[in-house]
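Subject: Structure handover

Hello,

Here is the structure for you to look over. Please open it next to this message. My notes follow below.

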Amino acid sequence: MSRDHEQQAAAASEVKIWMPIYIGDFLADTLRLSTEQLGAYFLLLLDYWRRDSLPADDALLAQITRLDRARWKRHAPIVLAYFRQEGGVLRHDGLDQARVR
C-alpha cells in the first residue's frame, strides 16, 4: 500500500472517532424538542456517524435511543422528521455532508 493510501485509510477510520457539531445550528434545529426527544435524536446522530446510516426498524431505533418501545413510538414521528428513509435505512443529509468535508 502506498503512503497516500495509508494516509487515506487512516483518515477514513479516524473520522468515526469525532463528529462535528455546530452548536448554534444544532440548538436552532432542536429548540422545540423535549429533553427526551433531544436525547434520542442525539443518540441517533452518534450511532449514525459511527455506522453511516440507521436501520429503519423501530425495535433497533428504540434500543439505540435507550427508550422502551412505547416511549420510542410516542417520540418517533418527531425525531424521525430529521431523517429521510432510503431503502431500508435512514439517512441524515447534514451528517452525510459533514462526512465529505
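Ser-53 sits in the loop between helix 3 and strand 1. Helices here are DSSP runs of H or I with at least four residues, strands are E runs of at least two, and both are numbered from the N terminus. Is Ser-53 buried or exposed? Its relative accessibility is 18%, so Ser-53 counts as buried. The cut-offs are under 20% relative accessible area for buried, over 50% for exposed and partly exposed in between, with a 1.4 Å probe and protein chains only. Beyond its neighbours within four places in sequence, Ser-53 is in contact with Asp-47, Tyr-48, Val-89, Leu-90 and Arg-91. Contact means heavy atoms within 4.5 Å.

A word on the source. This is a predicted model, where local features need pLDDT of at least 70 and side-chain atom pairs count only at pLDDT 80 or more, while totals for chains, interfaces and linings use all residues. Residues are numbered from 1 along each chain as its sequence is written, and side-chain values use heavy atoms, with hydrogens and water left out.

Two bridges join strand 1 to strand 3 (residues 89-91). Two strands pair if DSSP finds at least two bridges between them. Pro-55 stands opposite Val-89 of strand 3.

Now helix 5 (residues 69-79). Trp-72, His-75, Ala-76 and Val-79 are buried there. The face turned away from the buried side carries the exposed residues Ala-70, Arg-74 and Pro-77. At the start of helix 5, a side-chain oxygen of Asp-68 comes to within 3.2 Å of the backbone nitrogen of Ala-70.

Finally, the whole protein. There are six helices and three strands. From the N terminus, the order is α-α-α-β-α-α-β-β-α. Of the 101 residues, 31% are buried. Among contacts between residues at least 6 apart in sequence, 59% join residues at least 24 apart.

Best wishes

Key:
A polar contact is a pair of N or O atoms within 3.5 Å; within protein, one must be able to donate a hydrogen and the other to accept it, and residues adjacent in sequence count only if both atoms are side-chain atoms.
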